[in-house]
Amino acid sequence: IPPFLAPDELPHFAYTQYLVEEKKIPKNTGKIAPLVTTMSEELKMAAKLTQERHLSISFSHMIYPDNYEPIPNEFNNYSRTVDKENYKNSAAIYSPFYYAVEAIPYTLGYKLDFFSRFYLMRIFSLIFLFVTLIYSYKAALLISGEKIFAITAAIIISLMPSINSSSFGGINNDAALIAFSQILIYWMFKTINNHNAKIVSNIGGGALLGLTLLTKPQAIIFIPLVAGVILYKGIKKKMLRQAIVAVFIIYFIALAIAAPFYIDPITYFFSNLGGTADQASNFFSIATILSSIEHDIFGSLSLLFEFWLQVQLFINFYPFYFNSLILALELGAIIGLIYVAKDYYNKISIANKNFYAYILLCVAVFLILEIFFKAIYYKEALSKQYYGFGGQGRYYFPVIGPIIILFLAGLRRFSFRLKIPVNALYVSLILFFLVLHNYALFNIILQYNYL
């Protein structure tokens, strides 16, 4: 993916550069302008050079010059400092947690040219991908009890074109959010499975929740989930009082870590609650409500494909049969999950006696994130008639582990129904996603002449 074409790379790189060069956390002056980023001279010229070299950027095509031109000699002389008096950066409402990590490769490559330093930071972000794969594997293994199931889950995540091109293919704090979310989700699974430990001893989860909250505000979805898991365990073990104490301790630790960095996001949220007087008057109008629902339906349908396939600006090269196969697999998984629910209703026992609790937690994690995004969408749609939020599969990557586990569990149950050998299913899925991944990769390289 060319520089700055991964999601929001300009503001995220600018945050890291400010952190290293100024040795302080960036703060917006005045009202935040979402599409405006205060850049150093170096960053501004790099963005300009990238745009000029690629000539045209659109959602359907990109044109590259036939002859490669080296980076201008004067490029290393550009200043890396920024205008601190009138600083604007949409990323500056976030905590410095992720950017402190990215400051490491920035510092290591300090004497390199801009683009070498830029790609070094991208490569460093792959650490979060490895963490995601490890804990997704561990969660899948805990739930299924099958190594082949867990390996297949990890391989599917690693081969998804969407997750590689956006969250882990660029400089974006989504990478940290996804990685720490998988660690926290695994911790919740382990809490359900841990029969011997006293609940009060799980206060280490408070530190993990706090670190996850530091990555990005979307992590607030885990606040009720953690409490739900602890209380479920307390009721099951007849230790409800200890569970309530544990929840308060966990929340105290998490808030002590993360709360100071939520002042800016909360301020930004409440400052943008309403639109103009005319927009507010249309909030409850039938036309606005119907239009919001219509856009929501079409956005949700697009997510069925974009979750797996979206590769930022490179989105139009997938043939119809790829989309058809994705849809068929999703339908098969849903049918399989219906059979899983039917098995639970019929009290069909499974070797892993916590299996149904795990599946329910996976569903709960997904639904809470969905409710969170729906609330934001309808707030924007009804108050401002803005329908652009949503429709991006990458927003659901914080719960990538549970989604893939549900996907595989459903397909596995459906394959039992059709009497398809489960190993044949796993091998077929790995081959399909391998083809999908390589198809996306080679089309970006060959079709758009980008090396």
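Over which residues does pLDDT stay under 50? That happens over residues 55-64, for which the model still has 28 contacts beyond four places in sequence. Here pLDDT is the predictor's confidence in each residue, from 0 to 100, and a contact means heavy atoms within 4.5 Å. Where pLDDT is low, the predicted coordinates should not be read in detail.

This is a predicted model, in which local features need pLDDT of at least 70, side-chain atom pairs count only at pLDDT 80 or more, and totals for chains, interfaces and linings use all residues. Residues are numbered from 1 along each chain as its sequence is written, and side-chain values use heavy atoms, with hydrogens and water left out.

## The whole chain

Let us start with the overall picture. The protein chain has a mean pLDDT of 83, and 84% of its residues reach 70 or more. It has 18 helices and 2 strands; these are DSSP runs numbered from the N terminus, with helices (H or I) of at least four residues and strands (E) of at least two.

Of the 451 residues in the protein chain, 50% are buried. Buried means under 20% relative accessible area, exposed means over 50%, and partly exposed lies in between (1.4 Å probe, protein chains only). The protein chain exposes about 21,700 Å², and carbon and sulfur atoms supply 68% of that area. Such areas come from the Shrake-Rupley method with a 1.4 Å probe; for residues, only the protein chains shown count as cover.

Contacts also tell us about the fold. Among those between residues at least 6 apart in sequence, 82% join residues at least 24 apart.

## Charged pairs

Side chains of opposite charge can pair when their charged atoms come close. The structure holds 11 salt bridges, each being a side-chain nitrogen of Lys or Arg within 4 Å of a carboxyl oxygen of Asp or Glu. Here are some of them.

| Pair | N to O distance |
|---|---|
| Arg80 and Glu21 | 3.9 Å |
| Arg80 and Glu42 | 3.4 Å |
| Arg394 and Asp174 | 2.8 Å |

The side chains of Arg394 and Asp174 meet in a salt bridge of 2.8 Å, N to O. This pair links distant parts of the chain: Arg394 is in the loop between α16 (355-384) and α17, Asp174 is in helix α8 (residues 174-193), and they are 220 residues apart. Arg394 counts as buried because its relative accessibility is 9%, and Asp174 counts as buried because its value is 6%. Salt bridges that share partners join Asp8, Asp174, Lys216 and Arg394 into one network.

## Inside the fold

Which residues of helix α4 (residues 114-124) are buried? They are Phe114, Phe115, Arg117, Phe118, Met121 and Arg122. They cover an arc of only 160° around the axis, which puts them on the same side of α4; the arc is that of the directions from the helix axis to the C-beta atoms. Asp113 caps the N-terminal end of α4, with a side-chain oxygen 3.1 Å from the backbone nitrogen of Phe115.

Next comes Phe128, in helix α5 (residues 126-144). Phe128 is buried, because its relative accessibility is 8%. Leaving aside residues up to four places away in sequence, Phe128 touches Tyr98, Val101, Phe168, Ala175, Ala176, Ala179 and Phe180. The C-alpha atoms of Phe128 and Ser167 are separated by 9.5 Å, although these residues are 39 apart along the chain.

Lys88 is found in the loop between β2 and α3 and counts as buried, at 15% relative accessibility. A polar atom of the Lys88 side chain lies 2.5 Å from the backbone oxygen of Thr29.

Is Lys238 buried or exposed? At 79% relative accessibility, Lys238 counts as exposed. Lys238 sits in the loop between α10 (222-236) and α11 (240-258) and has a positive phi of about 60°, although it is not a glycine. Lys419 also has a positive phi, near 60°, in the loop between α17 (400-418) and α18 (422-447). Lys419 is exposed, with a relative accessible area of 74%.

Definitions and conventions:
A polar contact is a pair of N or O atoms within 3.5 Å; within protein, one must be able to donate a hydrogen and the other to accept it, and residues adjacent in sequence count only if both atoms are side-chain atoms.
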